[in-house]
Amino acid sequence: MTDTIRLLIVDDQPLIRMGFTMVLNAEADIEIVGEANNGEEAIRMVESRRPDVVLMDVRMPQMDGIEATERIIGAHPDVRVVVLTTFDLDEYAFSAVRAGASGFLLKDAHPRELTAAIRSAHAGDASLSPRVTRRMLDLFGKTLPAEDPATPALDHLTEREREVFLAIGRGLTNAEIGAELFVSESTVKTHVGRVLAKLEARDRVQAVILAHRMGLIPRD
């Protein structure tokens, strides 16, 4: 039995919030602890309701989801934010990640993708869909500032962990990494956890950005 995930839903459209609530109330391991209709209200509710994960809209009045995400993460680094938007524009994904989000999904995602993203974010795993991750990196990879790849943190990685780190940087899922390296998904998950700890990366999303900033992933 897994721990219950305390979830806050943030969206300025009541019907959208209702739809999410109907879908997520059917999940035994997810408890909806509140609903907010803008970023400012979301910040206050994070303080009072103490959610584990925030499902955050992007475009809202008074304060948008990007600013709210940045402020929530700054004050509550253990809270995970999954950003949702109807706009299939890469700039939102990139802005959300830079603000500290642990996930980004379009609102037309299948309910299974939504629940998987919430659970993955709660677990500290990837919740950027591979489609969004790869599109984001294709668009912004050439503009990320390069860093010296001989960063001391890399010296602490084993050869296998370095392989996993590079695969994460390429946007591969655990299943894809396992297939490429001929190991099980559970083994990959163990390696991913060790890589994140050694690199002091908040989550897998930060590891992707770190790999590109270190110049370890070709910018074709």
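At 35% relative accessibility, Arg49 counts as partly exposed, a class that lies between buried (under 20% relative accessible area) and exposed (over 50%), judged with a 1.4 Å probe and protein chains only. The model is a predicted one, in which local features need pLDDT of at least 70, side-chain atom pairs count only at pLDDT 80 or more, and totals for chains, interfaces and linings use all residues. Residues are numbered from 1 along each chain as its sequence is written, and side-chain values use heavy atoms, with hydrogens and water left out.

Arg49 belongs to helix α2, residues 39–49; helices (H or I, at least four residues) and strands (E, at least two) are DSSP runs numbered from the N terminus. When neighbours within four places in sequence are set aside, Arg49 is in contact with Arg6, Val33 and Gly34, contact being heavy atoms within 4.5 Å. Arg6 and Arg49 are separated by 43 residues in sequence, and their C-alpha atoms are 8.7 Å apart. Towards Val33, the side chain of Arg49 reaches the backbone oxygen at 2.6 Å.

The largest nonpolar core has 25 residues, of which Val10, Val54, Met56, Ile72 and Val83 touch the most other members. Such a core is a set of buried Ala, Val, Leu, Ile, Met, Phe, Trp, Tyr and Cys residues joined through side-chain atoms within 4.5 Å. At least two residues of this core come from each of β1 (5–10), α2, β3 (53–57), α3 (65–75), β4 (80–85), α4 (90–99) and β5 (103–106). Another core, of 23 residues, lies apart from it and includes Phe165, Ala167, Ile168 and Met214. Within the largest core, Met56 has contacts beyond four places in sequence that include Val10, Ala42, Ile72 and Val83.

Lys107 sits in the loop between β5 and α5 (111–123). Residues up to four places away not counted, Lys107 touches Asp11, Ile16, Asp57, Leu84, Thr85 and Thr86. With Asp57, the side chain of Lys107 makes a polar contact of 3.2 Å.

On the outside, Met22 of helix α1 (residues 14–24) counts as exposed because its relative accessibility is 60%.

Notes
Polar contact = N/O pair within 3.5 Å; in protein donor to acceptor, adjacent residues only side chain to side chain.
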